[in-house]
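User: Please take me through this structure by question and answer, one part at a time.

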Amino acid sequence: ARQELSEDDLMELDIKQRYLLSILDQHPEITVTYFVPDGKKAGGSYAVKTGKLVRIYGYERELGFGDGSRIRIDDIVDIQSTVFEGMGE
């Protein structure tokens with residue numbers, strides 16, 4: 001089942017996404033945990049992707065990676081990266 005994030009979790013994700021936008025030209029390596037809906041029934045599973053972030057698609061609300069893959073921002077439950085260490089995580 002899809003987990004619902006708390007207001008604190010959503011705020012932390014928002015802060016991380018804004019920070020990533022500010023350093024996007026550095027193509028930071030990030031690890032994203034996200035929900036993948038099941039196309040045939042209710043529910044789904046969680047997946048983890050690590051890669052270089054190259055673009056944030058604001059209108060589509062997606063993160064774009066160097067390998068061409070995209071992850072919907074609304075499906076993300078966690079973002080990890082060494083770039084966040086300076087943020088006081």
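User: In which loop is Arg61 found?
Analyst: This is a predicted model, in which local features need pLDDT of at least 70, side-chain atom pairs count only at pLDDT 80 or more, and totals for chains, interfaces and linings use all residues. Residues are numbered from 1 along each chain as its sequence is written, and side-chain values use heavy atoms, without hydrogens and water. Helices (H or I, at least four residues) and strands (E, at least two) are DSSP runs, numbered from the N terminus. Arg61 is found in the loop between β2 and β3 (62-65).

User: What is the phi of Arg61?
Analyst: Arg61 is partly exposed, at 40% relative accessibility (buried is under 20% relative accessible area, exposed over 50%, partly exposed in between, with a 1.4 Å probe and protein chains only). Although Arg61 is not a glycine, its phi is positive, at about 55°.

User: What is the phi of His27?
Analyst: His27 lies in the loop between α1 and β1. At 34% relative accessibility, His27 counts as partly exposed. His27 is not a glycine, yet its phi is positive, at about 50°.

User: How far apart are the end C-alpha atoms of helix α1?
Analyst: Helix α1 takes in residues 7-22, which is 16 residues.

User: How wide an arc do the buried residues of α1 cover?
Analyst: The buried residues of α1 are Leu13, Lys16, Gln17 and Leu20. They are on the same side of α1 because their arc around the axis (of the directions from the helix axis to the C-beta atoms) is only 100°.

User: Which exposed residues are on the face of α1 turned away from its buried side?
Analyst: An α-helix has 3.6 residues a turn, so residues three or four places apart point the same way. The buried side of α1 is covered by elements that include β1 (29-37), β2 (44-57) and β5 (76-80). The face turned away from that side carries the exposed residues Glu7, Asp8, Met11, Arg18 and Ser22.

User: Which residues does Gln17 contact, leaving aside its neighbours within four places in sequence?
Analyst: Gln17 lies in helix α1. Gln17 counts as buried because its relative accessible area is 15%. Leaving aside its neighbours within four places, Gln17 is in contact (heavy atoms within 4.5 Å) with Ile56, Ile73 and Ile79.

User: How far apart in space are Leu21 and Val54, C-alpha to C-alpha?
Analyst: Leu21 has its place in helix α1. Leu21 is exposed, with a relative accessible area of 51%. Leu21 and Val54 are 33 residues apart in sequence, and their C-alpha atoms are apart in space by 9.8 Å.

User: How far apart in space are Glu12 and Leu63, C-alpha to C-alpha?
Analyst: Glu12 is in helix α1. Its relative accessibility is 38%, so Glu12 counts as partly exposed. Glu12 and Leu63 are 51 residues apart in sequence, and C-alpha to C-alpha they are apart by 16 Å.

Methods:
Expected span 1.5 Å × (residues − 1).
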